[in-house]
Amino acid sequence: MRIKRQKRVNKLINFYCNNFGFRKPFQLLIDGTFCHAALKSKFNIQDQLEKYFQGSIKLLTTQCVILETEKLGAAVYGAMLIVKQFAVHKCGHESNPIPAASCLESMIGCDNPNRYILATQDRELQMVSERVAGVPILFIYQKAPTFQELSRITKKVAEDRQRSGFMPTGDEKKGLKAMRRAILGPRPPNLPFRKKKKKKGGPNPLSCKKKKVKPQPQPQRKKKSKQVSE
Ligand SMILES: [Zn+2]
């Protein structure tokens, strides 16, 4: 990957981490269209996306996505085999499956609470997801993974958050105080702050050098007086 491209990717990843709480390992929600494009581009999703995101990633899909690829039959047989390798996240349509695009749209919801990175070639699904703030969209373009530019709503929400400095509002502060009281109990008035006591004792024995033992001169043996036999 060219350095310029990697810089752009890192910048976008950092943006989502700083403004929308994304953390490693990133969770990629993948549909059949992405797998189909990856197969056509001879693109190994696990290996190449790990390089792209410079770390471990979780590849996920839903039951609805798998069922749709199964229904489409031979045309997307390869994509079906790929998508079946991923972990399946519960989507809530297990008893009544719905079209893959609608399912993924519901997984993103109105604020992408699970912080998914959506990997799809479905332009319509991309456009729907762009209306939700904080949904990174990944697709394959010219046989390479490509991050969608930040959507207008994503930029707007991030700017608003930066402006407010993520500080809790008045009501949120009251809520935090109440939560603290509920967990820790009321704080007694005039409770002095505890100071750290310095530990008494000698210097750290590990930091002290051992004294060199000087070789002591051995005492000379007294010469035994010879016994003189008479
Ligand atoms: Zn579903």
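This text walks through the structure from its overall make-up to a few single residues.

The model is predicted, so local features need pLDDT of at least 70, side-chain atom pairs count only at pLDDT 80 or more, and totals for chains, interfaces and linings use all residues. Residues are numbered from 1 along each chain as its sequence is written, and side-chain values use heavy atoms, with hydrogens and water left out.

Start with the whole protein. It has 9 helices and 6 strands. These are DSSP runs, numbered from the N terminus: helices are H or I with at least four residues, strands are E with at least two. Of the 230 residues, 33% are buried. Buried means under 20% relative accessible area, exposed means over 50%, and partly exposed lies in between (1.4 Å probe, protein chains only). Now take the contacts with a separation of 6 or more. Residues 24 or more positions apart account for 65% of them. A contact means heavy atoms within 4.5 Å.

Next, the zinc ion. Which residues coordinate the zinc ion? They are Cys 64 (SG), Cys 91 (SG), His 93 (ND1) and Cys 103 (SG), at 2.1 to 2.3 Å. Donors are N, O and S atoms within 2.8 Å of the metal (3.2 Å for Na, K and Ca); water is not among the atoms, so sites may look incomplete. The angles among the 4 donor atoms are 100 to 115°, and the site is tetrahedral. Four donors count as tetrahedral if all angles lie between 85 and 135 degrees; four count as square planar and six as octahedral if opposite donors are over 155 degrees apart and all others between 65 and 115; anything else is irregular. Along the chain, the donors of the zinc ion follow the spacing C-x26-C-x1-H-x9-C. The pair of Cys 64 and His 93 links distant parts of the chain, 29 residues apart. Cys 64 sits in helix H4 (residues 63-72), while His 93 lies in the loop between strand S3 (87-88) and H6. Both residues are buried.

Stay with H4. Its buried residues include Cys 64, Val 65, Ile 66 and Thr 69. The buried residues of H4 pack against S1, H2, strand S2 (57-61), helix H5 (77-83), S3 and H6. After H4 comes Gly 73, with a positive phi near 75°.

How do H4 and H6 pack? Their angle is about 170°, and their axes are 8 Å apart. Axes are lines fitted to C-alpha atoms, for helices over the stretch in contact, and angles run from 0 to 180 degrees between N-to-C directions. H4 and H6 are therefore roughly antiparallel. Angles under 35 degrees count as roughly parallel, over 145 as roughly antiparallel, 65 to 115 as roughly perpendicular and the rest as oblique. H4 brings Cys 64, Val 65 and Glu 68 to the contact, and H6 brings Ala 100, Cys 103 and Leu 104. By class, 5 of these residues are nonpolar, none is polar and 1 is charged. Ala, Val, Leu, Ile, Met, Phe, Trp, Tyr, Cys and Pro count as nonpolar, Asp, Glu, Lys and Arg as charged, and the others, Gly among them, as polar.

Another helix pair is H1 (residues 3-20) and H3 (residues 45-53). They pack at about 75°, with axes 9 Å apart. H1 and H3 are therefore roughly perpendicular. Arg 5, Gln 6, Val 9 and Ile 13 of H1 meet Lys 51, Tyr 52 and Phe 53 of H3. This contact has 4 nonpolar, 1 polar and 2 charged residues.

Now look at the loops. Pro 25 lies between H1 and strand S1 (26-30). The peptide bond from Lys 24 to Pro 25 is cis, with omega near -5°. Ser 41 is in the loop between helix H2 (32-40) and H3. At 16% relative accessibility, Ser 41 is buried. Ser 41 touches Ile 140 and Lys 143, not counting residues up to four places away in sequence. Ser 41 and Ile 140 are 99 residues apart in sequence, but 8.4 Å apart in space, C-alpha to C-alpha.

Which one is buried, and which exposed? Asn 112 is buried, at 3% relative accessible area, whereas Gln 142 is exposed, at 65%.
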